[in-house]
Amino acid sequence: MASIRDVAEKAEVSTATVSRVLNKDERVKDETRAKIQAVIDELGYRPNRLATALRRQDSNLVALFLENQKSPFATMLYASIEKTLHDEGFKVLSCCTRGEAERERKYTQTMIEMQVAGAIVRPSNSAAETLKNVKRLQANDIPTVYVDILPGRRSESFVVCDNTEGGRIGMRYLVALGHKHIGVLATKADHDPRRESVGNLRMRGILEVAREYQIEKSVYLPEPNERKRYDLGYATANEMLDQHPEITALFAITDTAAIGAMHACFDRGMRVPEDISILGYDGIPISSITSPQLSTIQQPIAEMGASAARYIIEKIRNPSSKRLHEIKPVELKQRRSVSHPRKGALPLSTGAA
């Protein structure tokens, strides 16, 4: 069965132009309309009824591309975006890519065929592949904005938090308390300097401070792994503490990983923060109700989502609006899971001012 994309390719026009012909848009030139109609007749294309119905609401549908919808971070981000759009009369079509480039590509094509009004994108896997998909959306008159993760090309619009500075803030906090032996809980992707993932940017800040205070050799990184969230924290904390019992603090790339590390320490009979300090990153709600409460680098997740939604609304209503480049600040949330190193830990000695 032919698709709208097949019609567009054979007629050598965009799917948006085909959509306009199907919806009897008077802006299409007669010559172009006749050409497209001829291809439609030749291929026997019949528009999907649901897609047609959705296109008729082309001013109030916004696609949201998320890697997953189950994590506390993703839930907060989605809720903020959905509320902001809903309050302005828009609806959200959520696309869960699961970090897979092919799923992202297929969702992109579906959103083009539906002719959504705009798209908010959190890249799934490859920055280059996501950029291709974004360009496909834009070629079909669908404005886009990246959220949380920086685009591969800075000319694209984005709303993110300052992840590198967050890594610096957290590391300086631990160093200032006297921690010298620090384990960093991260994933395989976070070790790859070619990427600009959230975790990688946080890692850059962490390692920058380690070099600043000349403690690189006592900042321990896990072996490359594919673990995620809670499992990352629990398993990696156990491995790291087995190999480096001198560690006095763990800095997790996310709060969920920090909570996993906290449980690993409890299972080992270690007290937090008396025996070991644990610092998280994100500021998700559950971090305030753990026992002890989790100290964390808090990012304004809801504000980030709302900013992305407001930009898309503005771009839909005013296509000539300028690109948005917004980097939101993060802050240290001091609670009860971090303290000075346990008794007997080596004092900090650096050449830094």
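What order do the strands of the open sheet with parallel pairing have? Some friendly notes follow.

1. A word on the basis: this is a predicted model, in which local features need pLDDT of at least 70 and side-chain atom pairs count only at pLDDT 80 or more, while totals for chains, interfaces and linings use all residues. Residues are numbered from 1 along each chain as its sequence is written, and side-chain values use heavy atoms, with hydrogens and water left out.

2. To the opening question: the order is β2-β1-β3-β4-β5-β11, an open sheet of six strands with parallel pairing. Strands here are DSSP runs of E with at least two residues, helices are runs of H or I with at least four, and both are numbered from the N terminus; two strands pair if DSSP finds at least two bridges between them. β2 (91-96) and β11 (325-328) are the edges, each with a single partner strand, so one side of each lacks a neighbour in the sheet. On average, neighbouring strands of this sheet are turned by 15° against each other, direction ignored.

3. Within that sheet, β1 (residues 61-66) pairs with β2 in the parallel sense over six bridges, and Ala63 has Leu93 in β2 as its bridge partner. Helix α6 (residues 101-114) packs on the sheet, touching β1 and β2 (contact means heavy atoms within 4.5 Å), and its direction makes about 155° with that of β2. Axes are lines fitted to C-alpha atoms, for helices over the stretch in contact, and angles run from 0 to 180 degrees between N-to-C directions. α5 lies across β1, β2, β3 (118-121) and β4 (144-147), at about 170° to β1.

4. Another open sheet of six strands has mixed pairing and the order β7-β6-β8-β9-β10-β12. Its edges are β7 (219-220) and β12 (331-333), each with a single partner strand, so one side of each has no neighbour in the sheet. β8 (residues 249-252) and β9 (residues 277-282) pair in the parallel sense over three bridges; Phe251 has Leu279 in β9 as its bridge partner. α11 lies across β6 (182-185), β8, β9 and β10 (295-298), running at about 160° to β9.

5. The structure holds one aromatic pair. Tyr230 and Tyr234 are stacked, 6.2 Å centre to centre with 15° between the planes. (Rings of Phe, Tyr and Trp, the last by its six-membered ring, pair if their centres lie within 6.5 Å; planes under 30 degrees apart count as stacked, over 60 as edge-to-face and the rest as tilted.) Because they are four residues apart in helix α10, Tyr230 and Tyr234 are separated by about one helical turn.
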